[in-house]
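Trainee: I have a model open and would like to go through it with you. Could we take it step by step?

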Amino acid sequence: NTFKTYGDRAKSHSNACARSLLELMERKQTNLSVAVDVTKKAELLSIANAVGPYVCVLKTHIDIVDDFDQDLVEQLEQLAKTHDFMIFEDRKFADIGNTVKHQYGNGIYKIASWSHITNAHTVPGEGIIQGLKDVGLPLGRGLLLLAEMSSKGALTKGDYTTESVAMARRHQDFVFGFIAQQQMNQTDDEDFIVMTPGVGLDVKGDGLGQQYRTPHQVIVDSGCDVIIVGRGVYGNPDQVQQQSARYRDAGWAAYLERCQQHK
Ligand code: UP6
């Protein structure tokens, strides 16, 4: 594969959501996404504000917040504007097309109305993409497919992964990449964005099946594009800003090393 910088890719990408993300990464010089998996609104907002300057994407699990309300969403959207990041609700949709349409657009969370990016498992088949696309595409949203998971014993491998990539290829107006552990492009003109969870510098796992690799392993060795870091950043409440700067620096240094290798 010929190598292109985030900025080069932004210029030629056919998917609008991917273009926005790649432009943002280049402009802000960060390939870090922080996963803010906390259960209180105030804590979520405070972490989002602290990591804001360092991230390209803020990843949420909105359904774990005890005191969710519409104001939380409004404040998150405001922080996204202030700090220049995109919001990714990690909903991992997994039902038939008709059901996910409602789960995406309706209910308490109305995810499609505020989340720039969301994701889906491919286990139900292609109808899940079409259902989400009906709701998200008119709003300019983008979808990632879960092609590979980071956890031990995950069934997302072999033909499952291959078929997931094939599904993405047929929906490139809406699907712009994957949650995966390695680069997924097969030809030079293919340009899927790979966002990779299971990233940590200090520990190898969490005792519940999570497996961590370093930013270097993920970006340089595996050719992924965005590192997703959760507990490594917010785990120690006194070090959130410090750790987000550390992971931003590690992710960007790894990217520059990859650029250098391809010169
Ligand atoms: N996540 C994974 N692995 C996957 C897909 N998603 O860990 O294959 C998500 C988790 C969590 C974050 O739901 O929000 O990425 C990882 O958090 P951590 O860094 O604290 O382990």
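**Ligand shell, barrel and annotated sites**

Mentor: Let us begin with the ligand: by class, the shell around it has six nonpolar, seven polar and three charged residues. Please keep in mind that this is a predicted model.

Trainee: How many residues surround the ligand, and which are the closest?

Mentor: The ligand is surrounded by 16 residues, and the closest are Met149, Ser150, Pro197, Gly230 and Arg231.

Trainee: Changing topic, how do the strands run in the barrel?

Mentor: Eight strands form a closed barrel in the order β1-β2-β3-β4-β5-β6-β7-β8, and the pairing is parallel. On average, neighbouring strands of this sheet are turned by 30 degrees against each other, direction ignored.

Trainee: What holds strands of a sheet together in general?

Mentor: Strands of a sheet pair through backbone hydrogen bonds, in either a parallel or an antiparallel manner.

Trainee: And β2 with β3, over how many bridges do they pair?

Mentor: Strand β2 (residues 57-60) and strand β3 (residues 86-93) pair over four bridges, in the parallel sense. Within this pairing, Val57 stands opposite Met86, and Leu58 has Ile87 as its bridge partner.

Trainee: Is β3 mostly covered or mostly open?

Mentor: Strand β3 is mostly covered, as seven of its eight residues are buried.

Trainee: Where does UniProt place the active site?

Mentor: The unreviewed UniProt entry places the feature "active site" at Asp90, Lys92 and Asp95. Asp90 is in strand β3, and Lys92 is also found in strand β3.

Trainee: Buried or exposed, what is Asp90, and why?

Mentor: Asp90 is buried because 23 other C-beta atoms lie within 10 Å, and the cut-off for buried is 20 or more. Not counting residues up to four places away in sequence, Asp90 touches Lys59, Thr60, His61 and Asn119.

Trainee: Why does Lys92 count as partly exposed, then?

Mentor: Lys92 counts as partly exposed because it has 14 C-beta neighbours inside 10 Å. Leaving aside neighbours within four places in sequence, Lys92 is in contact with Asn119, Ala120, His121 and Leu146. The phi of Lys92 is near 50 degrees, a positive value in a residue other than glycine.

Trainee: What about the phi of Asp84?

Mentor: Asp84 has a positive phi of about 65 degrees, although it is not a glycine. Asp84 is found in the loop between α4 (70-83) and β3. With 15 C-beta neighbours inside 10 Å, Asp84 counts as partly exposed.

Trainee: Finally, which domain does UniProt place here?

Mentor: The unreviewed UniProt entry places the feature "domain: Orotidine 5'-phosphate decarboxylase" at residues 31-246. The end C-alpha atoms of residues 31-246 lie 12 Å apart, and the span is 34% helix and 18% strand.

Notes: Residues are numbered from 1 along each chain as its sequence is written. This is a predicted model: local features need pLDDT of at least 70, side-chain atom pairs count only at pLDDT 80 or more; totals for chains, interfaces and linings use all residues. UniProt positions are given in the numbering used here, feature names are shortened, and annotations may be inferred rather than shown by experiment. Helices (H or I, at least four residues) and strands (E, at least two) are DSSP runs, numbered from the N terminus. A residue is near a molecule or strand if its C-beta atom, placed from the backbone, lies within 6 Å of it. Ala, Val, Leu, Ile, Met, Phe, Trp, Tyr, Cys and Pro count as nonpolar, Asp, Glu, Lys and Arg as charged, and the others, Gly among them, as polar. Two strands pair if DSSP finds at least two bridges between them. Axes are lines fitted to C-alpha atoms, for helices over the stretch in contact, and angles run from 0 to 180 degrees between N-to-C directions. A residue is buried if 20 or more other C-beta atoms lie within 10 Å of its own, exposed if 12 or fewer, and partly exposed in between; C-beta atoms are placed from the backbone. Two residues are in contact if their C-beta atoms, placed from the backbone, lie within 7 Å.
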